[in-house]
Each structure stands twice: as C-alpha cells, then as structure tokens.
Amino acid sequence: MTGSAGKVVAVINQKGGVGKTTSTVNLGAVLARELGQRVLLADLDPQGSMSDHIGLDPNATEASMYDVIVEGMDPSKVIRTVHGLDALPANLDLASAEFDLAQAEDRNTRLRDALAAIRGNYDFILLDCPPSLGLLTVLGLAAADEVLVAMEAEYLALRGISQLMQTVERVGAALNPELRVSGVLFCRFDGRVTLARQVRDEVEKHFPGKVFATTIRRNIRLAEAPSLGLTILDYDPRSAGAEDYRMVAREFMARYAGDVIAGADDFAPAEEVEADILASMATTESQ
Ligand SMILES: Nc1ncnc2c1ncn2[C@@H]1O[C@H](COP(=O)(O)OP(=O)(O)OP(=O)(O)O)[C@@H](O)[C@H]1O
Ligand SMILES: [Mg+2]
C-alpha cells in the first residue's frame, strides 16, 4: 500500500467498556510491529485511555488532539512515537471540543481535513472513539473509510445496534458517502457461555460476512497491560490476548486485501435488524 493514502478505520461503540481501546492499541501494535504496516493510532476520547494504554501520560502531552481539531494545529506536530507506533494523544481538553466548535461551520470535517495531509504516511490510521455517538464520534466517522464495531456478546449490547447503525448511515449520507462498516469484533468473549455464542450467531446472521471469525477471549493479561503503559506484545507476547489480536490482524489484512467488505447499504434498516435480533434472542431464551 506504500504511496497510497492510508485507510482510516474508526473503532466505535457508544457502549462503554466493550474493548474499543484495547482493540485499537493491540490490533495497531500487531499491524505495525509484526505485519510491517505503517500505523497511526489516534485518540478521540477525552478520557485519553488509548494514550494512557501506550504509556503517554495524557495530561503531560504538550499538544493533543484538541489542538488538531479545535486549534487547527498540524497533526504531524502532535504525533508521538512509542513502542514502534505513531500516536496522536488526547486528554480532557477534548471534552470541551463540542462546545468550542459549536459555531464552527466546518466542525464535522475538521478531523478529516487534518488527517488529509498525513494519510499518505500511513497504511492504517485507527481512531479510538469515545463511548458516545456525539460530536467526537461523528468527527471520527466523517474522517473514516471503514467502521470497526467493537462489541461484547451480551444481550444488552444488542440494544444499541440500531442507534449505532443509524448514526453510521446518517454521517455517511450527510458527510461521507464512501463510509462502510467493515467488521464487528467480539471482545471479552467467553465461548463457554451459551448466551455469548447466541448473541454472536445472531449478529452474524444479520450482518453476514461482517463478524470477525476471530473473537477476543477474556484474558487478564489484556486488562493488566494498560496499567504498565504497554501493548500486549510488550507485556506478554505469548498470552492468549496477544494470539487473538494476531489472528484479528491477519483477518483484518485479508479483508482489505481481498476487498471482501460489503457496502453499508447491504444492511436492512437498522431498526428492523435490532428488533429482529432481540426477538429471536427472546425466543431462544424462552425455549
Ligand atoms: N479481552 C479482554 N479480556 C479481559 N479484559 C479486557 C479485554 N478487553 C478489554 N478488557 C478490559 O476491559 C476494560 C474495558 O476495555 P476498553 O477500555 O478497551 O473498552 P472501551 O470500549 O475502550 O471502553 P470506553 O468505552 O470506556 O472507552 C478495560 O479495563 C480493559 O483492560
Ligand atoms: Mg476506550
């Protein structure tokens, strides 16, 4: 992919704690360090968890995503390199972006415009979005080519699907016609639990071809690594967590290489899909 503009992938889910940040960091780490891809991780969450995870103290960074989006700073001046990865850090400053940009007519495309200048330097730019469908996620979706939905295999996790898909569709229609959902990745997965398998199967049925064959198993090493500021490759490269992200990264590359990703308009209307999934789950539960 050298020379061409990198793919921008927004990792989203408005539900908190589903594995967005863990996946952004560790998928990015494998792509960069083991598969030779040029990767930029960009933090769009005022919590700064992605920055924290790779050991960048979000509050100690002089310049951050806030400066890029609100002040129009050149992102190449903000990028830091750690563990062989380029990263655009964020911190709490970003929490006021929505307010600070209220009057800015071009606000929705500010991230896309900022990334345009540096896309050519990367194969993949992964955007770690916050747990909301507010302005920051909209900025991410407007800047993205692909959406990767991180998900937990729980009944309640299905409840937000229609809202999530609607947001993707709306941003696509208004700002970014090429935007498409490239995959759904189940994280913190416990395959021994019947419900988890059922949820995954239902989502697969409704989004054929979208669900990653690899699931990320629950693995304590993945939960421990951020407190040391390390990717899983640095913390425990032989752990199940590292193995799972290696598999995901290979699958991710194969999807792009083979262009097996269907267009976003392959989906039935989002509300119908959610209603359908919930209905069939209710039937299975009562059996
Ligand atoms: N496969 C896993 N096994 C065990 N723990 C995990 C796994 N994936 C993530 N975690 C842990 O679960 C918590 C939530 O994960 P993470 O921060 O990646 O989710 P998130 O979707 O980014 O959350 P937020 O919505 O707050 O940004 C973290 O403590 C993380 O270390
Ligand atoms: Mg997060």
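A residue counts as near a molecule or strand if its C-beta atom, placed from the backbone, lies within 6 Å of it. By that rule, 20 residues surround ligand 1, the closest being Gly16, Lys20, Thr21, Thr22 and Pro131.

This is a predicted model, in which local features need pLDDT of at least 70 and side-chain atom pairs count only at pLDDT 80 or more, while totals for chains, interfaces and linings use all residues. Residues are numbered from 1 along each chain as its sequence is written, and chains are lettered from A and ligands numbered from 1 in the order in which they are written.

Helices (H or I, at least four residues) and strands (E, at least two) are DSSP runs, numbered from the N terminus. Helix H1 (20-33) and helix H9 (220-224) each give at least two residues to the shell around ligand 1. The largest share, three residues, comes from H1.

Seven strands form an open sheet with mixed pairing, in the order E3-E4-E2-E5-E1-E6-E7. Strands E3 (80-82) and E7 (180-187) are at the edges with a single partner strand each, so one side of each has no neighbour in the sheet. Two strands pair if DSSP finds at least two bridges between them. E2 (39-43) and E4 (85-88) pair in the parallel sense over three bridges, and Leu40 has Asp86 in E4 as its bridge partner.

Two helices contact the sheet (C-beta atoms, placed from the backbone, within 7 Å). Axes are lines fitted to C-alpha atoms, for helices over the stretch in contact, and angles run from 0 to 180 degrees between N-to-C directions.

| Helix | Strands touched | Angle |
|---|---|---|
| H6 (135-143) | E1, E5, E6 | about 150 degrees to E1 |
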